[in-house]
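Subject: Structure handover

Hi,

Here is the structure I promised to pass on to you. Please open it alongside this message, and my notes follow below.

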Amino acid sequence: KGSIKAQDTIKTGAASKVKLLFIDDSVLTVAENSKLVIKEFIYSKGKEGKSIFNLIDGKMRSVVGRTRFEVQTPTVVASARGTAIFFEVGKLDEMEYTKIVSLEGVVDIRSLLPNDTSLISLTPCNMIIVKKGEPLSAPIKAPESELDKALSVSSNNFPECRFIQPLV
């Protein structure tokens, strides 16, 4: 029940997680062994707010409230409003990657590559994995194992993603 300020860093250890509640009704659940920086949060009744977070490492599930919401990772920037999203940032074979799964609503994803202006919209129950230095690829249906991982970060259930047809 402590307060959070811009530029604060949230770091979780093994077997721990933290739930962050914001005045715009956004909820971020940060999983174990994760690191998140609160870059900016502006909210005012009747005005459009903005929240920017930097997920440096680990996993986070976000239920986005009424502000313009943006998560920066080492490989992409994701933005949304009124959406539920799962993020995973880490290294695989020494290469940084970001995995994003849309659980509800649409998530806009843009590359961090110089001179790459591509934008991909991720719809519910779909995911994308972006490795550092590589362009955005087409989204794919999220396998059941990825949905289970996303839901394990928090107890909320997103029924529209629970009955996905197997990938062919």
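V18 has its bridge partner, V30, in β3. Those two residues belong to an antiparallel pairing in which strand β2 (residues 18-21) and strand β3 (residues 27-30) are joined by 4 bridges. The hairpin formed by β2 and β3 has 5 residues between the strands, and D25 takes a positive phi near 80 degrees there. Please keep in mind as you look that this is a predicted model.

E94 is not a glycine, yet its phi is positive, at about 65 degrees. You will find E94 in the loop between β8 (84-92) and β9 (95-104). C125, also not a glycine, has a positive phi of about 70 degrees, and its place is the loop between β11 (119-122) and β12 (126-131). Are these residues buried or exposed? E94 has a relative accessible area of 71%, over the 50% cut-off, so E94 is exposed. C125 has a relative accessible area of 5%, under the 20% cut-off, and therefore counts as buried.

While you are at β8, have a look at K91, which is found in that strand. K91 counts as exposed because its relative accessibility is 58%, with the cut-off for exposed at over 50%. Setting aside neighbours within four places in sequence, K91 is in contact with E96 and Y97. From K91 to G58 the C-alpha to C-alpha distance is 9.7 Å, and the two are 33 residues apart in sequence.

Now to the aromatic rings. How many aromatic pairs does a search of the whole structure find? The search gives 3. One of them is F22 with F41, a tilted pair at 5.0 Å centre to centre, with 35 degrees between the planes. This pair links distant parts of the chain: F22 sits in the loop between β2 and β3, while F41 is in strand β4 (residues 35-44), 19 residues apart. F22 is buried, with a relative accessible area of 11%, whereas F41 is partly exposed at 26% relative accessibility.

F53 and F69 also pair: their ring centres are 5.5 Å apart and their planes are at 45 degrees, so this pair is tilted. Here, too, distant parts of the chain are linked, with F53 in strand β5 (residues 47-63) and F69 in strand β6 (residues 68-72), 16 residues apart. Both F53 and F69 are buried. Together, F22, F41, F53 and F69 form one aromatic cluster.

Next, the nonpolar cores. The largest has 27 residues, and L36, I100 and I109 are those with the most contacts inside it. Apart from that core lies another, of 10 residues, with A31, F86, V101 and L103 among them. As for I100, the residues in contact with it, leaving aside neighbours within four places in sequence, include V76, A78, I85, F86, F87 and I109. L122, N126, M127 and I128 are also among the contacts of I100.

Last, a word on confidence. The protein chain averages a pLDDT of 86, and 88% of the residues score at least 70. Over residues 162-168, however, the pLDDT is below 50, and that stretch has 12 contacts in the model beyond near neighbours in sequence.

Key:
Residues are numbered from 1 along each chain as its sequence is written. This is a predicted model: local features need pLDDT of at least 70, side-chain atom pairs count only at pLDDT 80 or more; totals for chains, interfaces and linings use all residues. Side-chain values use heavy atoms; hydrogens and water are left out. A nonpolar core is a set of buried Ala, Val, Leu, Ile, Met, Phe, Trp, Tyr and Cys residues joined through side-chain atoms within 4.5 Å. Buried means under 20% relative accessible area, exposed over 50%, partly exposed in between (1.4 Å probe, protein chains only). Contact means heavy atoms within 4.5 Å. pLDDT is the predictor's confidence in each residue, from 0 to 100. Two strands pair if DSSP finds at least two bridges between them. Rings of Phe, Tyr and Trp (its six-membered ring) pair if their centres lie within 6.5 Å; planes under 30 degrees apart count as stacked, over 60 as edge-to-face and the rest as tilted.
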